[in-house]
Amino acid sequence: KNQVIGQEAACAAASRIVTTIKSGLNDPNRPFGVLLFCGPTGVGKTEMARALSRYIFGHGEQEPVNDRLIQLDLSEFAGWGAAHRMLTGPDGEPSELIKRVRKQPFCVILLDEIEKADADVFDVMLSVFDEGRLTDRFGRVTTFRSAVIIMTSNLGADKLQTVGFETSGKPSYSREAMNFFRPEFFNRIDSVIQFNSLNREMMRDIAIKELREIANREGILRFGLKLEWADNLIDHLVNKGFDQRYGARPLQRTIESLIIAPLARRLLDNPEYRNTSLKLSVSDDKLIISA
């Protein structure tokens, strides 16, 4: 919940996966988990995959996400020959996905925008989801039984008025996904997790989380600086960056332009800043930095 703000149901489902793996009660003949994350853009689906990668496999490693999170954009696997490209690289050798899973089988595989993939790709993934194995053109088997497979989908996000609503009054992205995928594919998914739109209070928490992460960046820690911020800066970030349709991404762009860029200029212009506190506030849409 500290990593993925405002998605209680998704966090609960992720914790169940972790608990099952930790207790050793997962099916040894299938992947650790096959999950489908449904919901609008910018609400934490990819961040949840990163959080799972760090938590399950990241202990004791310097950069666990780079090694343990394998991310594929399935919009690149549309059209003729998509399934072949998923299995085989341009040089005729196994694809990058197969190579990385063979090198590091304990991983999280993130398949972004799964609905944009070609139908043949879905057929390839059936044996992966069901038996945790994939056979390349040389007949060699790659095992996916130590991986968590996560798919993301924006199905229904572009037609909120027609996607249908659950009893809670929230749009049912999971129902839209069920109608889109073939039954034999959908039936191999362990859990369909719905991510909901963010509200202003959630965006405020996300803004604070983003500022804390900035305070831990290399350029700040190297000079022993400590960042503090006024409440009006948080309010301003939310007012400028809140967009229910696009989630947290507009907020990240606002932080980049309003805070990161002027703070970087200030640090470069004042190399004498050492072991001090910097107070951040905003006035007339401009960042005020007080040392």
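1. Helix α5 (residues 96-103) lies across β2 and β3, at about 170° to β2. Angles run from 0 to 180 degrees between N-to-C directions, and axes are lines fitted to C-alpha atoms, for helices over the stretch in contact. Helices (H or I, at least four residues) and strands (E, at least two) are DSSP runs, numbered from the N terminus.

2. A note on the basis: this is a predicted model, in which local features need pLDDT of at least 70 and side-chain atom pairs count only at pLDDT 80 or more, while totals for chains, interfaces and linings use all residues. Residues are numbered from 1 along each chain as its sequence is written, and side-chain values use heavy atoms, with hydrogens and water left out.

3. The parallel sheet. This open sheet has 5 strands, in the order β2-β3-β6-β1-β7, and its pairing is parallel. Two strands pair if DSSP finds at least two bridges between them. At the edges are β2 (69-73) and β7 (191-194), each pairing on one side only. Neighbouring strands are turned by 20° against each other on average, direction ignored.

4. Pairing of β2. Its partner is strand β3 (residues 107-112), in the parallel sense, over 5 bridges. Gln-71 has Leu-110 in β3 as its bridge partner. Helix α2 packs on this sheet and touches β1 (33-38), β2, β3 and β6 (147-153). The direction of α2 makes about 170° with that of β3.

5. Helices α1 and α2. The axes of α1 (residues 8-23) and α2 (residues 45-57) come within 11 Å and cross at roughly 25°. The two helices are therefore roughly parallel to each other. The classes are: under 35 degrees roughly parallel, over 145 roughly antiparallel, 65 to 115 roughly perpendicular, the rest oblique. The crossing is right-handed; that is, the near helix is turned clockwise from the far one by less than a right angle, with anticlockwise giving left-handed.

6. Their contact. From α1 come Ala-10, Cys-11, Ala-14, Val-18 and Ile-21; from α2 come Met-48, Leu-52, Tyr-55 and Ile-56. Contact means heavy atoms within 4.5 Å. By class, the residues are 9 nonpolar, no polar and no charged. Ala, Val, Leu, Ile, Met, Phe, Trp, Tyr, Cys and Pro count as nonpolar, Asp, Glu, Lys and Arg as charged, and the others, Gly among them, as polar.

7. The mixed sheet. Here 3 strands form an open sheet in the order β8-β9-β10, with mixed pairing. β8 (226-229) and β10 (286-290) are the edges; each has a single partner strand, so one side of each lacks a neighbour in the sheet. The twist averages 30° from one strand to the next. β8 and strand β9 (residues 277-283) run parallel, joined by 4 bridges. Lys-226 stands opposite Ser-277 in β9.

8. α11 (residues 231-241) touches β8, β9 and β10, its direction making about 50° with that of β9. α12 (residues 249-269) also touches β8, β9 and β10, at about 45° to β10. The axes of α11 and α12 come within 8 Å and cross at roughly 125°. That makes α11 oblique to α12. This crossing is right-handed. The contact residues divide into 7 nonpolar, 3 polar and 1 charged.

9. Ala-82. This residue lies in helix α4 (residues 82-87). At 1% relative accessibility, Ala-82 counts as buried (under 20% relative accessible area; exposed is over 50%, partly exposed in between; 1.4 Å probe, protein chains only). Not counting residues up to four places away in sequence, Ala-82 touches Phe-77, Asp-118 and Val-121.
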